[in-house]
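Hello,

Here is the structure I promised to pass on to you. Have a look at it first, and then read my notes below.

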Amino acid sequence: MRIAILTFGSRGDVQPYLALGLGLQHAGHTVRVVTQRDCESLIRDYGLDYGAVTGDIRHMMQSEVGQQMINSPPNPFHFGWNAMKLAQPLLRQMAIDCLTACEDSDFLLCFAFFRPFGISLAEKLNIPYAEAAVVPMHPTRAFPSPSLPLPKYGFGGTLNRVTHIIASQAFAQAFRPAVNRVRQEVFHLPPWPVWKASPSRRQQHNLVLYGFSPSVVPRPPDWDDLIKVTGYWFLDPPTQWKPPADVVDFLQAGPPPVYVGFGSMNTTSPEKVTKLVVSALSSAKQRGILLSGWGGLHQSDLPDTVLMVESIPHSWLFPQMAAIVHHGGAGTTAASLRSGVPSILIPFGIDQHFWAQRIMDLGVGPRPIPRDKLTASGLAQAILAAVGDQAMRSRAAKIGEHIQAEDGIGQAVEAFQHYCQLVI
C-alpha cells in the first residue's frame, strides 16, 4: 500500500512521524513523508520517500506573529488565531503541494492538528484517512485539554470534556475560513458551514493513533475503540552516526552534566537566558551541556564546566545526564522520560504545561518553573532537587524501564493494518 504521512513543524514535531513511517515501511508498505523542505535530507537519510510542502517553520516561528504565539499566555483562541495568520498566506500553495505529493497514495495518515485540512485532502483524493498525534486531543472526562492553561491534571469529569470541546472549536473556527477557501479553490469541494467547522468524530469514526506511553498518560476509558494509545514513536540515530568528539571528551572529563535546552522555542534575550542558566549551574555546582537550538542560547565566554552544542540526538545524550532541563515539548518530554533521568520543565505554552504537570504528578521531576518565573536561584534549587532526590531518581529510572520495554511503533503498525482490513 502507498501511504502518505502528512505532518509539519519543527524537527521534533516531524521525527515521530518519520519513525512511524519506518515502521510501516518495514511492514511492507511504500511510505512518503509530506512536510516542509528543511526536513527533506533527514527523511531521505532514513530511506523514506519525500513530498515537498511550501513553508519554513523556523522562519515562521521567528516572525513577529510567531513570537507573539510563543510569548503570549497559553490560550487556544489566541494560539489558533496566530497559527492561522502564520499559515494563511501559504495555505493555498501548501494545499496544491500536498495534492501533488499525495495524488498517487492509497491512504492518508495525517498529523491530527491538521485534521480539517487532512479530511479535505482525503475527501478530494477519495482515499481512507487516519490521524496520528503525540498529544492527546480527543474529548475525555479523564483530563482537561492540553491546549488550555489549566493548573491541574485532574479537573473534574464533565468540565474536563468541555475544555476539549472549547479548545477544538477554537482551532476549527480560526481555520475554517482558510480551510473553506482551500476546499473550494483547490480541492473543488463544498465549504463547511459555521456550525460544522469540520466533520465530527462520530461522523468520521476513523482510526486515531496516539504516540505516547500509557504509563505516562493512561488511555481514557471513554475513548472509542478506534482511538489507540500505542506507546512512543522514537527515531534513533542512523547506524552510521557518531557522536561529536568534543561532546565525548566533555562527558569523560567529569561527572554527568545537566542538559539545558528549549528546542524550537525562541527567547527574546538569549544572552540573558544563557547567563541565567550558567549562573544556576554554578550555584548548584553542576556541569552543563547547553543546546543552542532555535532558541539561540549562546555565549562566547562559557566556563570550562559548560559546553554548547547545536544539535545532538536526545536518545544518545539524555541517558548520560544528571538531569534534563527543557521546555516540555512532547518529543523532548518523551526522550527525557525514556532516558530514566529526572526532568525540570520550563514550559513556554500550550501542551507544554500539560507535560510539565505530568512530570510533576509522576514524581519524576520537581515543580515546573513557568518561563516568565525563571530565575537563576529557582533553577538552581530545581537542579539540586533533581540531582539529589534519590526517590525521584528511582521513579524516573522505573518509568524509563517501562517505556524502553514498549514497542510503540509495532503497536501502531498493527493497529493500522487491522484498520486497513476494515476500510479497504
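An open sheet is formed by 7 strands in the order 3-2-1-4-5-6-7, with parallel pairing. Strands here are DSSP runs of E with at least two residues, helices are runs of H or I with at least four, both numbered from the N terminus, and two strands pair if DSSP finds at least two bridges between them. At the edges sit strand 3 (49–53) and strand 7 (227–229), each of which pairs on one side only.

Please keep in mind that this is a predicted model: local features need pLDDT of at least 70, side-chain atom pairs count only at pLDDT 80 or more, and totals for chains, interfaces and linings use all residues. Residues are numbered from 1 along each chain as its sequence is written, and side-chain values use heavy atoms, leaving out hydrogens and water.

Inside the sheet, strand 1 (residues 2–6) is joined to strand 4 (residues 107–111) by 4 bridges. One to look up is Ala-4, whose bridge partner in strand 4 is Leu-108.

Now for the salt bridges (a side-chain nitrogen of Lys or Arg within 4 Å of a carboxyl oxygen of Asp or Glu): the whole structure has 10. In one of them, the closest N and O atoms of Arg-32 and Asp-49 are 2.8 Å apart. Arg-32 lies in strand 2 and Asp-49 in strand 3, so this pair ties together parts 17 residues apart in sequence. Another salt bridge pairs Arg-44 with Glu-40 (3.0 Å, N to O); both lie in helix 2 (residues 40–45), about one turn of the helix apart.

Enjoy exploring!
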